[in-house]
Amino acid sequence: MIATEAVSQPIFEELERKLSQTEAITKYMLAGRATFTLRSVATQKRYTFKVTKAKKNLRFANAPVSWFVSRMYGPDNETCFRYIGMLNAQPKDAQWMLRTTRNSAETQVSVPVMAFNFMLKQLQALPALTPGLEFWHSGRCGRCGKKLTVPESIERGLGPECAGKQ
Ligand SMILES: [Zn+2]
């Protein structure tokens, strides 16, 4: 289980980019190593999350894919990510939600978790996020974590090679 992970550099650099189409957001978020910030326009609150695809357990090859979700705490120059829960089901499932577990740094009803699940509902139901909710990717490839440089890669949050993979 992921506990804490120290990060020495600021996550957000000049290339972070807002995504609003829910299909593009879903693809970015589930790519494997996605870091992004959710921002509420009304409250100006922002939460930064990392969604990491769990390695497949070969003993349970047919088990569904899952993702670890962690949240960034602390100021930019002294940040750490703490595990907050799991995403198990796929976007098409009615059960798709971030679920906190025993090791989670948040509860199921804490604001960051509810904000995350509010976003998931929109990703399932709408072609684009509502104007009150903003999704900013980190400027790094959502699949491999490399810094994005080409404008069209920055636009989708995935590098040229990773964009074609699933
Ligand atoms: Zn990549």
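Analyst: Helix α1 meets helix α2 through T22, I25, T26 and M29 on the α1 side and F116, M119, L120, Q122 and L123 on the α2 side. Contact here means heavy atoms within 4.5 Å. Helices (H or I, at least four residues) and strands (E, at least two) are DSSP runs, numbered from the N terminus. The model is a predicted one, in which local features need pLDDT of at least 70 and side-chain atom pairs count only at pLDDT 80 or more, while totals for chains, interfaces and linings use all residues. Residues are numbered from 1 along each chain as its sequence is written, and side-chain values use heavy atoms, with hydrogens and water left out.

The axes of α1 and α2 are 9 Å apart, and the two helices pack at an angle of about 125°. Such axes are lines fitted to C-alpha atoms, for helices over the stretch in contact, with angles running from 0 to 180 degrees between N-to-C directions. The two helices are therefore oblique to each other; angles under 35 degrees count as roughly parallel, over 145 as roughly antiparallel, 65 to 115 as roughly perpendicular and the rest as oblique.

M29 and F116, both named in this helix contact, also belong to the largest nonpolar core, which has 29 residues. A nonpolar core is a set of buried Ala, Val, Leu, Ile, Met, Phe, Trp, Tyr and Cys residues joined through side-chain atoms within 4.5 Å. Buried means under 20% relative accessible area, exposed over 50%, and partly exposed in between (1.4 Å probe, protein chains only). M29, F36, L87, F116, M119 and F135 touch the most other members of this core. At least two residues each come from α1 (22-29), β3 (33-40), β4 (46-53), β5 (67-73), β6 (79-87), α2 (111-125) and β8 (133-137), with the largest share, 6 residues, from α2. In general, nonpolar side chains tend to be buried together in soluble globular proteins.

Residues up to four places away in sequence aside, L87 touches partners including M29, W67, V69, F116 and L120. V51, in strand β4, is buried at 0% relative accessible area. With neighbours within four places in sequence left aside, V51 is in contact with M29, F36, L87 and F116, among others. V51 and M29 are 22 residues apart along the chain, yet their C-alpha atoms are separated by 6.5 Å.

P91 and Q124 are 33 residues apart in sequence but 6.2 Å apart in space, C-alpha to C-alpha.

Strand β8, another contributor to the core, has 4 of its 5 residues buried. Strands β3 and β8 pair in the antiparallel sense over 5 bridges, and F135 in β8 is the bridge partner of L38. Strand β2 (residues 17-19) is joined to β8 by 3 bridges, also antiparallel, and W136 in β8 is the bridge partner of K18. Two strands pair if DSSP finds at least two bridges between them.
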